[in-house]
Amino acid sequence: MMEGLRVFDASVKDPTGRDIFTWSRVTATQTCPRKGYLRYGLGWRREGTPGKALRIGLAYHEAQHACVTGDVDRVPEIMAEHVGDEFEHEYVLAMLASYWERYEREPYEFVASELQFEIELHGKRAAGAIDGIVRVSDGRLMVLERKTTSDDITPGESYWWAVRINEQVSLYMIAARALGYDVAGVIWEAVRKPGQRPLKSVNESAEQYGERVAHVMGSDPGRYFQRVELVRTEAQLEAFALDFARLCQSAAEVSGLPRSLSPRNTTQCNISGRRCPFLDICDRDWTLLDDAPAGYEQLSWIHTELEAPTEVEQ
């Protein structure tokens, strides 16, 4: 185990989770300190139904987990919980069917799935959830990281430039090893969401739409499915651990600022058509509010991607 690393005591220090640092928290604060402050310092979250991209991603991710753990009967329940309508339902099912058709002859042996971790890196409590630990054909253990995206994922495209230096890879390798899995690296499994929309002009049914999406993905699997192995040297992992601890310290400092002093990064308010969830209140005098403003909720546990401790009531 590398210096400065240990598996964290399971006891809860702060029942809200403010003493825990996830990849989401650190990157949110890096993107815009005020966004990090509002989301993780105050624990506010936008109310309402998630956008389509998030709904599709959540449904696909959870359905994949159900499939690999032998809990296929849960897939309809997952769809009912996340997708917006019957067209989205068929869209996600088409993605799943096309995935299994693509990788039918390249299966993994799943050693663990949806593995939640808490570790200490140089005095900072880091946490997250690993999609899977898999054994590949040559016997090596690898972290599996699933991603859905609208970007072009064919080899050589810019999507992979950022992926190859993505430090989430380092965090998950360190965490997996701390939990006793001697992983050699990370398999980054990218699935491109097809851009086809329902053909309303010909009154296309949801089922017909799903069949068309599945046909498009199956006809050009390299366009929609890619797996890339990523590795880090011990020196790179050591350097990341120090960097991550510093980023955690920065996030902690932002969360502890007086409200009136939380800086904002206005270049991140609207990126690729996606609005910051706090844009509606960022220019208002929210600093005087005791409670979350209208349209936002107050979270009792700020890390919604992680299971809350039993001491915390949601």
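Okay, let's start with a salt bridge: the side chains of Glu-229 and Arg-140 meet in one, at 2.9 Å from N to O. That pair links distant parts of the chain, with Glu-229 in strand S8, residues 225–230, and Arg-140 in the loop between S5 and S6, 89 residues apart. Before I go on, a reminder that what you're looking at is a predicted model.

How many salt bridges does the structure hold? The count is 18. I'll walk you through a few others.

Next up is Glu-109 with Arg-135, whose side chains form a salt bridge at 3.4 Å, N to O. Glu-109 sits in strand S4, residues 109–121, and Arg-135 in strand S5, residues 124–135, so this pair ties together parts that are 26 residues apart in sequence. On accessibility, Glu-109 comes out at 44%, which is partly exposed, and Arg-135 at 31%, again partly exposed.

Then there's Glu-204 and Arg-212. Their closest N and O atoms are 2.9 Å apart, and they form a salt bridge. Is Glu-204 buried or exposed? It's buried, because its relative accessible area is 11% and the cut-off for buried is under 20%. Arg-212, at 22% relative accessibility, counts as partly exposed.

One more on this theme: Asp-19, Glu-118 and Arg-125 are linked in a network of salt bridges.

Now for charges in another setting. Which residues gather in a patch of negative charge on the surface? They are Asp-71, Asp-73, Glu-77 and Glu-81. Glu-81 belongs to helix H4, which covers residues 75–82, and with a relative accessible area of 52% it is exposed.

Compare that with another glutamate, Glu-145. You'll find Glu-145 in strand S6, residues 141–149. With a relative accessibility of 4%, Glu-145 is buried. What is Glu-145 in contact with, once we leave aside neighbours within four places in sequence? Those contacts are Asp-131, Gln-168, Tyr-172, Val-186, Ile-187, Trp-188 and Glu-189.

Two of those names take us to helix H7. Among the buried ones are Gln-168 and Tyr-172, both of which showed up in the contacts of Glu-145. The buried residues of H7 also include Val-169, Ser-170, Leu-171, Met-173 and Ile-174, as well as Ala-175, Ala-176 and Ala-178. As a general point, an α-helix has 3.6 residues a turn, so residues three or four places apart point the same way. After H7 comes Gly-180, with a positive phi near 100°.

Staying with backbone angles, there are two residues I'd like you to click on. His-122 has a positive phi, near 50°, and is not a glycine. Where is His-122? It's in the loop between S4 and S5. His-122 is partly exposed, at 31% relative accessibility. Asn-203 also has a positive phi, about 55°, without being a glycine. Asn-203 is placed in the loop between strand S7, 183–192, and helix H8, 206–219. With a relative accessible area of 67%, Asn-203 is exposed.

Back to His-122 for a moment, and a distance. The C-alpha atoms of His-122 and Asp-243 are separated by 9.9 Å, while the two residues are 121 residues apart along the chain. Asp-243 lies in helix H10, residues 234–255, and is partly exposed at a relative accessible area of 37%.

For another pair, take Val-68 and Ala-127. They are 59 residues apart in sequence, and C-alpha to C-alpha the distance is 23 Å. Val-68 is part of helix H3, residues 52–68. And what does Val-68 touch, not counting residues up to four places away in sequence? The answer is Trp-100, Phe-110, Ser-113 and Arg-146.

Definitions and conventions: Residues are numbered from 1 along each chain as its sequence is written. This is a predicted model: local features need pLDDT of at least 70, side-chain atom pairs count only at pLDDT 80 or more; totals for chains, interfaces and linings use all residues. Side-chain values use heavy atoms; hydrogens and water are left out. Patches are made of residues with over 30% relative accessible area and no salt bridge: like charges are joined within 9 Å, nonpolar side chains (Val, Leu, Ile, Met, Phe, Trp, Tyr) within 5 Å. Accessible areas come from the Shrake-Rupley method with a 1.4 Å probe; for residues, only the protein chains shown count as cover. A salt bridge is a side-chain nitrogen of Lys or Arg within 4 Å of a carboxyl oxygen of Asp or Glu. Lys and Arg count as positive and Asp and Glu as negative; His and the chain ends are not counted. The place of a charge is taken as NZ of Lys, CZ of Arg, CG of Asp or CD of Glu. Helices (H or I, at least four residues) and strands (E, at least two) are DSSP runs, numbered from the N terminus. Buried means under 20% relative accessible area, exposed over 50%, partly exposed in between (1.4 Å probe, protein chains only). Contact means heavy atoms within 4.5 Å.
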